[in-house]
Amino acid sequence: GRFLVPNPSCEGMDDAYEFLGQVMGACVHSSEKLAVSFPHFIWTKLLGTKFGISWDALAAFEPALARNYVEVEENLFSTGPLSEDKWEQLGLDFTLIIGKPPVIRELRPGGMNESVTLANRKEYILLARAARLLAYDRQIAAIRKGLLNYVPNAVLMLWNSYELEAAVAGEPNIPFDELWRSLTKNGISGGQVAHFKKCLEDMDMSQRSGLLRFATGRSRLPCKFTVNGDSSREGGGLPRASTCSNTLYLPEYPSQAEMMGALLIVIQTTDFGNS
């Protein structure tokens, strides 16, 4: 899935991150939810020091980086183990490159001038993993500061990360029954309603989320939207959407299979905007 992460090299933007936390806190107290999708480890950090963050939590978000670290730590590259001479040719040092634009941070004093070797590679990985776990802490602290303006720490202490995520951004899971109750049908025939209902039943969670995003700009429940029959497109064609009014315009299809195919096309191309 697509995730929003703070930029660890972003300086001087604490007020903006704090404001984001305030908006998140306001969502906790209202029926409106914020279309924000953080990796799980960020939701956990927002709860404070109650929960520790393991490397596995970050590795789930950055699997390619995690695999690279394992290769270095175990000296198990795709071309086989490297000799001491080959390690010198890698040109690794005790630094970490993070953020956009990239910022170089030393893992320990003098790290820019200390090469990673076959002998010290495990120490390098230990420091690199620890630094990665802390890379977002300044931005997360600013978000948490804003969140605490609306949600007391005593309340956060009662929640786990999944409960905080649901309170701010809505439920990541989209059960068929809840999705079906969230929509209103207008100007659409009984046969097309049956086709559409079967399409929703057959979709997986990711596809239902994509349909919500196409029709409303949001990817989670709770979210109300309307399905309108689209008589302007006789003989099929692709559905249209108006996210400002949370409306999906659905042409008439001769079969459920054809409707499903058209819906999957617009779901897969949602990132390029609605037509």
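Predicted model: local features only at pLDDT ≥ 70, side-chain atom pairs only at ≥ 80, totals over all residues.
Student: How are α4 and α6 oriented to each other?
Tutor: Helix α4 covers residues 63-74 and helix α6 covers residues 121-134, and their axes lie 8 Å apart. They pack at an angle of about 155°. This angle is over 145 degrees, so α4 and α6 are roughly antiparallel.

Student: Which residues of α6 make the contact with α4?
Tutor: The crossing of these two helices is left-handed. On the α4 side, the contact uses Leu65, Tyr69, Val70, Val72, Glu73 and Glu74. Across from them, the residues of α6 are Arg121, Lys122, Tyr124, Ile125, Ala128, Arg129 and Arg132.

Student: By class, how many charged residues does the contact of α4 with α6 have?
Tutor: Sorting that contact by class gives seven nonpolar residues and no polar ones. The charged residues in it number six.

Student: Which residues in α12 meet α11?
Tutor: From α11 come Phe196, Leu200, Glu201 and Asp202. By class, the whole contact has three nonpolar, one polar and three charged residues. The partners in α12 are Gln207, Arg208 and Leu211.

Student: Now the sheet: which strands stand at its edges?
Tutor: Four strands make up an open sheet with mixed pairing, in the order β3-β4-β6-β5. A strand at the edge has a single partner, so one side of it is left without a neighbour in the sheet. Here the edge strands are β3 and β5.

Student: Which residue in β4 is the bridge partner of lysine 185?
Tutor: β3 spans residues 183-186. Four bridges join it to β4 (residues 225-229), and these two strands run parallel. Within β4, the partner of lysine 185 is valine 227.

Student: Which strands does α11 touch as it packs on the sheet?
Tutor: The direction of α11 makes about 155° with that of β3. As this helix packs on the sheet, it touches β3, β4 and β6.

Student: Where is proline 222 found?
Tutor: The peptide bond from leucine 221 to proline 222 is cis, with omega near 0°. As for its place, proline 222 belongs to the loop between α12 and β4.

Student: And where is proline 101 found?
Tutor: The bond from lysine 100 to proline 101 is also cis, again with omega near 0°. Proline 101 is in the loop between β1 and β2.

Student: Finally, what is the radius of gyration of the protein?
Tutor: The protein has 13 helices and six strands. For 275 residues, the globule rule gives 19 Å, and the protein's own value is well over that, so it is more spread out than a compact globule. Its radius of gyration is 24 Å.

Notes:
Residues numbered from 1 in each chain as written. Heavy atoms only, no water. Pairing = 2+ DSSP bridges. Contact = heavy atoms within 4.5 Å. Axes fitted to C-alpha atoms, helices over the stretch in contact; angles between N-to-C directions. Nonpolar A, V, L, I, M, F, W, Y, C, P; charged D, E, K, R; others polar. Parallel < 35°, antiparallel > 145°, perpendicular 65-115°, else oblique. Left-handed = near helix turned anticlockwise from the far one by under 90°. Rg over C-alpha atoms; globule rule 2.2 N^0.38 Å.
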